[in-house]
Amino acid sequence: MKSYSVKELLSSNLSLQEVTVKGWVKTFRSNRFIALNDGSTLNNIQCVLDFENFDEILLKQVSTGAALEVSGTLVESQGRGQSVEIQVKELKVLGTSDPDTYPIQPKKHSLEFLREKAHLRVRTNTFAAVMRVRSTLSFAIHKYFQDNGFYNVHTPIITGSDAEGAGEMFRVSTLDQKNPPLTEEGEIDFKQDFFGKETNLTVSGQLEAETFAMALGKVYTFGPTFRAENSNTSRHLAEFWMIEPEVAFNDLDANMDLAEDFIKNVINYILENCDEDLQFLEKRLLDEEKTKPQAERSDMALIEKLKFVAENNFKRVSYTEAIDILKNCKPNKKKKFQYIIEEWGADLQSEHERYLVEKHFNCPVILFDYPADIKAFYMRLNEDGKTVRAMDILFPGIGEIVGGSQREERLDVLKEKVAALGIDEKELWWYLDLRKFGTATHSGFGLGFERLVLFATGMGNIRDVIPFPRTPQNAEF
């Protein structure tokens, strides 16, 4: 007999047909009603059995968390909350679950508790919904780029370069940690290491993606990246996924067009394909908001917020204009901001970004032409000599979600910037070669996937939108 998913059965017209379904027990009531779920949908299917027809020892093995195979007749449900149910004829326990020690009981658990049970938390409705949305977003991202003529590039995870210049990287080495080989100067001799040089886990695939853009035209990476920033905030992870498109011949304006179209497209995709899970997550968020002080509550419900981004044109504002707005706004003048804006050149914080989006413009915002001093070396220097062709996209509730730029295509200018930062040209010889052989205008951006999932699901902590979070002092599972 064919085995169906719960989702297929709940949306089917197979009434009065014999069916088989496999899943995990959510609840078992009165030795008669089993709520079964297989992860295909938020909803359970009710399986109704006549306990007199089943062995008592078998029924004692049916407890929350147990894996079952159920066969029977799909009939119209007599109860509320479901359209169909299964009148059980055969029941197999595929895997028992100890009811006394199984941690995911049918009650409300705190998110902090569930992080300690990350191997089981996806069995809860909240995390199942989040991970289904995450999966659909991932597909939507690949679909968008593939439909628009981009080629997917798998850039290295182990690298000898630091794309961001921040130095907060995880070292990759096979040298003896207690007794590493040393040079005559007493430094660690990385020439004796596995790769013959100092290597790290990548913070970005951008530099390598640029080499492919300058041959294939339009490319994108979608892979894991790592930052050894000792941060325990609700917005930071040590391991996370990045989407990084790079496009030859695109200037900053075309880059902003691409980023806006991309974001609207993938958000529209989940609005069309994840309605059930988004409705559940919205209700969860509304219930959570009720426990907060009025001042801390969101102005928009989750689905409204997603439509707000998908349906509004993004406002494009120069960094200089944004600084003027922030300097003269009430929260700044009354010192309500944690970081007071006093002069041009300040590195904007989340509170400033959210003010621009949520209070001043009331729409998503793209800031561009940032001070060169607060941006990476590879961004194209403007004619004023003090700003670069950088852009950040700011979202409600989250602040910056995308960072990108037109890349510096002029060899002489790039070499000057590399030298000024004390970067060894020998480490970037291949990157500089792109400016020697057929250089051209090109642009790209990076989007932290978990931040997008955070926005799309309404979750408050980035640890709750990745299967197994990696944070300081935490590499469990």
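Tutor: Let's start with the second largest pocket, which has a volume of about 280 Å³. On a 1 Å grid over the protein atoms alone, a pocket is an open set of points with protein on both sides within 12 Å along at least five of seven lines. Volume is the space filled by probe spheres set on the points, which are joined across faces, edges and corners. Keep in mind that this is a predicted model, where local features need pLDDT of at least 70, side-chain atom pairs need 80 or more, and totals for chains, interfaces and linings use all residues. Residues are numbered from 1 along each chain as its sequence is written, and side-chain values use heavy atoms, without hydrogens and water.

Student: Which residues lie nearest the centre of the second largest pocket?

Tutor: Lining residues have an atom within 4 Å of a point. Here there are 18, and Lys7, Ser40, Thr41, Leu42 and Glu276 lie nearest the centre. Helix 1 (6–10), helix 4 (125–147) and helix 7 (275–289) each give two or more residues to that lining. Helix 7 gives the most, with three. Helices are DSSP runs of H or I with at least four residues, strands are E runs of at least two, and both are numbered from the N terminus.

Student: Is Phe194 buried or exposed?

Tutor: Buried means under 20% relative accessible area, exposed over 50%, and partly exposed in between (1.4 Å probe, protein chains only). Phe194 has 61%, so this residue is exposed. Phe194 sits in the loop between strand 9 (171–172) and strand 10 (199–201). Across the protein, buried residues make up 50% of the 477 residues.

How values were computed
On a 1 Å grid over the protein atoms alone, a cavity is a set of points where a 1.4 Å probe fits but cannot get out, and a pocket is an open set with protein on both sides within 12 Å along at least five of seven lines; lining residues have an atom within 4 Å of a point.
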